[in-house]
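Here is a short briefing on one helix and a few backbone details. Check each item against the coordinates.

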Amino acid sequence: MKNRQQEDENTIIAGRKPVQELLLEDPKSIDMLYVQKGRQDKNFERTIERCKKFGIKYKIADKPELSRMFSGNHQGIIAKVAALSFADYDDLLANISEAPLPLLVVFDQVQDPGNVGALARTLYALGGAGIVVARHGGAFLGPGAVKASAGALTKLPVSRVSNISQSLDKALDMGITVYGAGIADDSNPVYEAKLQGPAILVLGNEEKGIRLGVEKRCQELIHIPFKREFDSLNVAQAGAILISEFARTLS
């Protein structure tokens with residue numbers, strides 16, 4: 001496909017024909033669509049309708065903003081796309097027990113692509129079943145995330161879902177145990193928890209943690225007990241420690 005450009009963390013597709021082809025052939029790969037302000041032709045209307053149909057986030061932007069994103073002739077439309085092919089979530093659930101480590105990691109609004117990539121590296125090495133991210137509100141899984149994963153994100157199944165809470169409900173209905181990483185009155189130190197699989201481990205936002213609606217789906221909250229007073233570990237560090245404990249217990 002023509003008019004493809006990589007800029008740091010973003011994979012960009014620009015131009016009317018390439019973007020329209022993407023909308024028709026692979027709309028779920030689009031993370032954000034930018035349309036130039038002031039366009040009111042039929043293509044513009046069809047593009048917005050298709051975004052609404054497939055739940056694609058879009059933004060009406062002025063021409064200078066589009067030009068900063070893409071230096072060539074963008075023709076008033078730009079798509080930011082992921083660098084990965086995504087697996088079907090139902091397939092991940094169905095195949096979870098076939099992985100050496102029957103564990104899925106769900107990211108709830110984790111923003112840093114580097115954290116997602118680094119954690120994917122650990123999960124893949126320890127035999128994990130895959131990763132689940134939200135379609136909107138999480139890290140962009142572009143070239144930067146793939147690089148941080150040392151290529152693990154291209155080997156590990158990754159699924160994007162529209163609603164984390166509903167996706168966890170489906171897992172619970174299948175008898176998959178859902179754990180959440182967090183400190184609360186009812187949270188248990190991971191070394192004392194009786195971990196069982198197949199399981200899902202939910203990791204929350206770097207600052208806010210797991211959202212309340214998502215936390216309600218977690219059957220048990222677990223945390224890493226610190227031996228010294230310290231603020232916190234980042235998501236990749238904490239997740240690696242938790243995953244290693246699942247690997248010790250379940251493998």
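This is a predicted model: local features need pLDDT of at least 70, side-chain atom pairs count only at pLDDT 80 or more; totals for chains, interfaces and linings use all residues.

Residues are numbered from 1 along each chain as its sequence is written, and side-chain values use heavy atoms, leaving out hydrogens and water.

**Helix α2**
- α2 spans residues 42–54, 13 residues in total. Helices are DSSP runs of H or I with at least four residues, strands are runs of E with at least two, and both are numbered from the N terminus.
- From first C-alpha to last, α2 reaches 18 Å, close to the 18 Å expected at 1.5 Å a residue. The expected span is 1.5 Å times one less than the number of residues.
- Phe44, Thr47, Ile48 and Cys51 are the buried residues of α2 (under 20% relative accessible area, 1.4 Å probe, protein chains only). They cover an arc of only 95 degrees around the axis, so they sit on the same side of α2. The arc is taken from the directions from the helix axis to the C-beta atoms.
- These buried residues pack against α1, β3, β4 and β5, with contact meaning heavy atoms within 4.5 Å.
- Lys42, Glu49 and Lys53 are exposed (over 50%) on the face turned away from the buried side.
- Gly55 follows α2 with a positive phi near 65 degrees.

**Backbone geometry**
- Gln75 is not a glycine, yet its phi is positive, about 55 degrees. Gln75 lies in the loop between α3 and β5.
- Ala150 also has a positive phi, near 55 degrees, in the loop between α6 and β8.
- Gly197 and Pro198 are joined by a cis peptide bond, with omega about 0 degrees. Pro198 is in the loop between β10 and β11.
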